[in-house]
Amino acid sequence: GGADLAGAWSVGTDVLVRVGGGAGCAAALVAAEQGASVILATKLRLGDSNTVMAEGGIQASIDKEDSPQMHYDDTLKAGHQCGEKKLVSQMVMDGPDVIRWLIQQGMQFDMDEFGDLITRRAGGTSASRVCYYRDYTGLEMMRVLREAVQNSDVDVWDYSPAVELITNESGHCAGAVISNLKDCSYVQVIAKSVIIATGGIGRMHLN
C-alpha cells in the first residue's frame, strides 16, 4: 500500500536526484551549475554506493588510434545490437568531455611522463579506451564527486530513501515521497524533474 502521508510536509525543488552514487552526484552537480535548485536524497550516506567498488576505469575515445565511431560500433556489438542507438551515440560523443569534466572536478587519472592520459584495452573493444586511476577508479571518482557536492548548493538528504514516485494529472512523474529514517517521518518532494540514478542492474537476474 501507499505511504501514510497524514501530517507529511511538502517541499518543492527544480530537480530531485535519487541517489548519491557517481551518476547521482554528477547529475546533481551539473543541474546546480545550470542554476537549478537540487535535492539529492540517498538511502544511506552520500557516496555509499557501488561506484566505490568499480575498479576498472571509464571508457572514452581519446586515444589517437580510436574514434567515437569505433566506440559506438564496439558498444552496439557488445550489446548484440540491442542498444538504443541514439543513447549510445550520445554516450560516445560525450565521453571525452566527461573525462575532462571529472579532471576539472579534481579527479586523478594515471598519466604518462608527458602528462597524457594512459588508456588500456577492455574486453570486446577494438581500441585502447579505458581511462583509469590505479586499481580504484570508482573510489577516486566518488571521493571527488562527494566533495564537490558537499561544496555546492545541492541540498543533500542522507538516510532518506524514496518510497513512492508522485505523478501529476497528466501521468508524468512530479516528485517522490521520501522517508526520513532518522525520525521515521515522510516528506513529499514536488519536483519539476526527477532523476533516478539508483543503479541496481546487478540484481536484474532476480526478475
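Me: Which residue in E8 is the bridge partner of threonine 167?
Reply: This is a predicted model, where local features need pLDDT of at least 70, side-chain atom pairs count only at pLDDT 80 or more, and totals for chains, interfaces and linings use all residues. Residues are numbered from 1 along each chain as its sequence is written, and side-chain values use heavy atoms, without hydrogens or water. Find strand E8 at residues 173-180, running antiparallel to E7. There, the bridge partner of threonine 167 is cysteine 173.

Me: How many bridges join E7 to E8?
Reply: Strands are DSSP runs of E, at least two residues, and helices are runs of H or I, at least four, both numbered from the N terminus. E7 covers residues 162-167 and runs antiparallel to E8. The number of bridges joining E7 to E8 is five.

Me: In what order do the six strands of the open sheet with mixed pairing lie?
Reply: Two strands pair if DSSP finds at least two bridges between them. At the edges are E6 (155-157) and E7 (162-167), each pairing on one side only. With those two at the ends, the order reads E6-E2-E1-E9-E8-E7.

Me: And what is the order of the open sheet of three strands?
Reply: Here the edge strands are E3 (58-59) and E4 (119-121). Two bridges join E3 to E5 (residues 128-131), and glutamine 59 has valine 130 as its bridge partner in E5. The pairing in this sheet is antiparallel, and the order is E3-E5-E4.

Me: Which residue pairs with tryptophan 9 in an aromatic pair?
Reply: The structure holds two aromatic pairs. In this one the centres are 6.4 Å apart, with 45° between the planes, a tilted pair (ring centres of Phe, Tyr or Trp, using its six-membered ring, within 6.5 Å; planes under 30 degrees apart are stacked, over 60 edge-to-face, the rest tilted). The partners are 148 residues apart, one in strand E1 and the other in strand E6. The residue paired with tryptophan 9 is tryptophan 157.

Me: At roughly what angle do the axes of H3 and H4 cross?
Reply: Look for helix H3 at residues 85-105 and helix H4 at residues 137-150, whose axes come within 9 Å. Axes are lines fitted to C-alpha atoms, for helices over the stretch in contact (heavy atoms within 4.5 Å), and angles run from 0 to 180 degrees between N-to-C directions. That contact is made by Trp101, Leu102 and Gln105 of H3 with Met141, Val144, Leu145 and Ala148 of H4. The axes cross at roughly 65°.
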